[in-house]
Amino acid sequence: MQSLFSPLPAAAGDAIFALVEAFQNDPAPHKVSLSIGTYFAEDGSIPVMRAVRQARDMLVQAGKPHPYLPIPGSAPYRNAARSLVLGADGPDPERVVTVQSVGGTGALKLGADLLRRTCPDAAVWVSDPTWENHGQIFRQAGFTVHEYPYYDPAAATVRFTQMQAALQALPAGSIVVLHASCHNPTGVDLSSEQWELLTELFARQGLIPFFDLAYQGFGQGLDADAKPIRMMARAGLECLVASSFSKNFSLYGERCGALNIVCHDKLAADRALGQVKTLIRGNYSTPPTFGAALVATILNQPELRHAWAEELEQMRVRLVGLRARLSHALALLTGEPEAWNYIERQQGLFSYMRLSPQQVEALRREHAVYLLKSGRLCIAGLTDSNIEYVARAIAACAQR
């Protein structure tokens with residue numbers, strides 16, 4: 001008997017998680033995983049942040065029940081998430097919709113589904129390159145997805161002139177996905193001056209900005225990383241922001257995210273919220289409680305918030321130091337200092353290495369060093385004990 005699912009094509013699967021599985025099955029004692037976008041401590045573990053530990057202990061000791069949350073999520077969480085992204089002096093809260101989401105990915109999906117309802121004929125534009133899941137999310141929502149120029153591999157910088165020209169040519173109502181900071185996969189961000197020019201362009205062209213803010217705090221700091229979003233909101237642009245607390249709270253499995261929608265007025269916000277609530281109700285009904293309670297407890301208590309922000313800054317500074325060490329080690333090993341200094345100019349968890357797919361494969365096969373085929377390397381996977389080994393492996397494969 002033929003299965004109901006026999007007509008379905010075989011799915012390719014997710015390349016990142018497949019690589020993680022291959023790493024786990026690799027028996028090499030010196031193996032190094034630099035693939036998945038996770039912050040690791042010096043000992044290679046996922047850290048439990050001090051503020052998170054304290055908030056967890058407080059919640060457990062309180063012994064409160066775990067009821068269903070309202071459809072949009074916990075109010076203390078939503079208010080804190082809105083303030084963290086848009087600032088304490090951001091737009092009038094009455095014209096901002098903030099809903100709790102199942103991670104940053106869930107926020108992207110909610111926003112995509114909402115936009116499909118309100119502007120079904122629009123096309124979506126993502127950067128070249130971008131996070132691989134962006135295209136899948138918007139295509140599954142029913143959109144046609146295109147790319148705009150972004151990264152120049154030769155100079156390891158943004159192709160800003162070409163990017164401007166491409167966006168300038170888009171019709172009004174086009175949806176443009178933007179990385180607010182810590183661009184994934186390249187680690188190459190726009191300057192403040194470039195963001196100002198883009199803000200003017202979006203306002204002039206009537207484009208719809210949809211920000212992905214997955215790494216707030218890991219680029220230049222909590223407020224600096226949200227500056228592009230606040231800039232467009234202050235300019236009066238309606239925009240959407242998908243934010244994640246997986247990385248900056250080290251709460252990956254709790255799936256804590258938020259979707260912020262900045263609207264022109266309260267009437268528009270009320271309509272947007274009503275539609276988002278129907279999308280949530282028809283999907284997962286209400287969001288989970290515990291991770292949101294942790295984040296809300298930390299962000300709404302000054303002492304815990306200060307401790308969290310302080311530890312996050314230490315994590316950010318550590319990444320900057322690891323970038324410098326990898327760049328310098330490669331410069332010494334290859335005798336080409338100018339060839340590797342781009343690593344230090346990048347920001348966040350990732351470095352987009354100038355390595356071919358064949359060189360990346362050689363790294364995995366010959367040295368058990370795992371990174372994505374594109375050359376994306378997770379800086380946070382480097383430690384004192386493996387950074388020299390990784391540098392030697394990269395140098396050996398890069399000089400072929």
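The model is predicted, so local features need pLDDT of at least 70 and side-chain atom pairs count only at pLDDT 80 or more, while totals for chains, interfaces and linings use all residues. Residues are numbered from 1 along each chain as its sequence is written, and side-chain values use heavy atoms, leaving out hydrogens and water.

- Most residues other than glycine have a negative phi, and most peptide bonds are trans.
- The bond from Asp-128 to Pro-129 is cis, with omega near 0 degrees.
- Pro-129 sits in the loop between strand 3 (124-128) and helix 5 (132-140); helices (H or I, at least four residues) and strands (E, at least two) are DSSP runs, numbered from the N terminus.
- The bond from Asn-184 to Pro-185 is also cis, with omega near 25 degrees, and Pro-185 belongs to the loop between strand 7 (175-179) and helix 7 (192-205).
- Ala-156 has a positive phi, near 55 degrees, and is placed in the loop between strand 5 (151-152) and strand 6 (157-158).
- Ala-156 counts as buried because its relative accessibility is 5% (buried is under 20% relative accessible area, exposed over 50%, partly exposed in between, with a 1.4 Å probe and protein chains only).

**Cavities**

- There are 2 cavities of 30 Å³ or more (a cavity is a set of points on a 1 Å grid over the protein atoms alone where a 1.4 Å probe fits but cannot get out; lining residues have an atom within 4 Å of a point).
- The largest cavity holds about 50 Å³ of space, and its lining includes Ser-127, Tyr-148, His-179 and Trp-195.
- That lining of the largest cavity has 6 nonpolar, 3 polar and no charged residues.
- The second largest cavity has a volume of about 30 Å³, and its lining has 4 nonpolar, 4 polar and 2 charged residues.
- Arg-255 is one of the residues lining the second largest cavity; Arg-255 also has a positive phi, near 55 degrees.
- Arg-255 lies in the loop between strand 9 (239-244) and strand 10 (256-262), and is partly exposed because its relative accessible area is 30%.

**Surface patch**

- Leu-4, Phe-5 and Leu-8 make a nonpolar surface patch of about 390 Å² (patches are made of residues with over 30% relative accessible area and no salt bridge, with nonpolar side chains joined within 5 Å and like charges within 9 Å).
- Leu-8 is in the segment before helix 1 (15-25) and counts as exposed because its relative accessibility is 57%.

Note on methods:
Accessible areas come from the Shrake-Rupley method with a 1.4 Å probe; for residues, only the protein chains shown count as cover. A salt bridge is a side-chain nitrogen of Lys or Arg within 4 Å of a carboxyl oxygen of Asp or Glu. On a 1 Å grid over the protein atoms alone, a cavity is a set of points where a 1.4 Å probe fits but cannot get out, and a pocket is an open set with protein on both sides within 12 Å along at least five of seven lines; lining residues have an atom within 4 Å of a point. Grid points are joined across faces, edges and corners, and a volume is the space filled by probe spheres set on the points. Ala, Val, Leu, Ile, Met, Phe, Trp, Tyr, Cys and Pro count as nonpolar, Asp, Glu, Lys and Arg as charged, and the others, Gly among them, as polar.
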